[in-house]
Amino acid sequence: EDFLNLIFKAMMKDSLNSSHPVSSAVQSSAQIEEMFDVLSYIKGASLLLMLKHYLTKDVFQAGIEVYLHNHKYGSAQSDDLWDSMNEITNGTLDVKKLMKTWILHKGFPLVTVVRKGKIVSLQQEKFSYCVEPENWTSDASYLWHIPLTYITSSCNFTHCINAYLLDQKSGM
């Protein structure tokens, strides 16, 4: 419950135009200090939980083990973690491509789901809590790769989970 409250606080900050990406290039030590805030830590943790849920616990754990083994006694960059996950998924999912859409964009998507009979359509757009006209920038280029899970009448969370990757502005 405490973590969920922190997530909502981070989302509130991330929904403002003054937000920043989880990962970005820095030029000074002051900029480095600015990057280590609640947004970076809580959003980062949330993204890892999202990835763990999408990949499954066992696949995610195996990716972490590969990452730790490959970089023991050394340094690493964020791409190294995604590369380790890609080793485990054997090309079935480009984890680096998926995660870069989350860590290199500020903000997060709003997914609209519309159901008409048996047809379900999805659309994503950048969520903005408060648009400040003097600081507004166009977000038309923002596109996330959003792992979505769902259940049907023949499937529930205890028996099976269906997954869909929304990697376009809209999908069915």
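Me: To start with, are Y142 and W144 buried or exposed?
Reply: This is a predicted model, and in it Y142 is buried, as is W144.

Me: How are the rings of those two placed against each other?
Reply: The ring centres of Y142 and W144 are 5.5 Å apart and the planes stand at 70 degrees, and because an angle over 60 degrees counts as edge-to-face, that is the class of this pair.

Me: And which cluster does W144 belong to?
Reply: W144 forms one aromatic cluster together with W102 and Y142. A search of the whole structure gives three aromatic pairs. One of them joins W102 and W144, whose ring centres are 6.2 Å apart with the planes at 50 degrees, so this pair is classed as tilted. W102 sits in helix 6 (residues 95-103), while W144 is in the loop between strand 2 (119-126) and strand 3 (146-150), so the contact ties together parts 42 residues apart in sequence. Both W102 and W144 are buried.

Me: Changing topic, how many salt bridges are there?
Reply: The count comes to four salt bridges. Among them is the one between D14 and K43, where the closest N and O atoms are 2.8 Å apart. Since D14 belongs to helix 1 and K43 to helix 3, this pair ties together parts that are 29 residues apart in sequence.

Me: Is that D14 buried or exposed, and what about K43?
Reply: D14 counts as buried, at 2% relative accessibility, and K43 is buried as well, with a relative accessible area of 8%.

Me: Which residue does K13 meet in a salt bridge?
Reply: The side chain of K13 meets that of D37, with an N to O distance of 2.7 Å. The two lie in distant parts of the chain, 24 residues apart, with K13 in helix 1 (residues 2-14) and D37 in the loop between helix 2 (29-35) and helix 3 (38-55). D37 is buried at 15% relative accessible area, whereas K13 counts as partly exposed at 34%.

Me: What about D83, which residue is its partner?
Reply: D83 forms a salt bridge with K96, at 3.0 Å from N to O. D83 is in helix 5 (residues 78-89) and K96 in helix 6, so the parts tied together here are 13 residues apart in sequence. D83 is partly exposed with a relative accessible area of 31%, and K96 is also partly exposed, at 24%.

Me: Now the domains: where are the bounds?
Reply: Domain 1 covers 3-104 and domain 2 covers 108-171, and their C-alpha centres lie 20 Å apart. Contact between them involves 14 residues of domain 1 and 19 residues of domain 2.

Me: What area is buried between domain 1 and domain 2?
Reply: The buried area is about 1500 Å², and carbon and sulfur atoms give 65% of that. On the domain 1 side, N17, Y54 and W102 lose the most area to domain 2, together accounting for 37% of what that side buries.

Me: How many salt bridges and polar contacts are there across that interface?
Reply: The count of salt bridges between domain 1 and domain 2 is zero, but three residue pairs are found in polar contact across the interface, both residues being at pLDDT 80 or more.

Me: Which helix gives the most to the side of domain 1 that touches domain 2?
Reply: Helix 6 gives the most, with four residues, and helix 1, helix 3 and helix 6 each supply at least two residues of that side.

Conventions. Residues numbered from 1 in each chain as written. Heavy atoms only, no water. Phe/Tyr/Trp six-rings, centres within 6.5 Å; stacked < 30°, edge-to-face > 60°. Buried < 20%, exposed > 50% of the residue type's maximum accessible area, 1.4 Å probe, protein only. Domains from an automatic or database assignment. Contact = heavy atoms within 4.5 Å. Buried area = accessible area lost by both parts, 1.4 Å probe. Polar contact = N/O pair within 3.5 Å; in protein donor to acceptor, adjacent residues only side chain to side chain.
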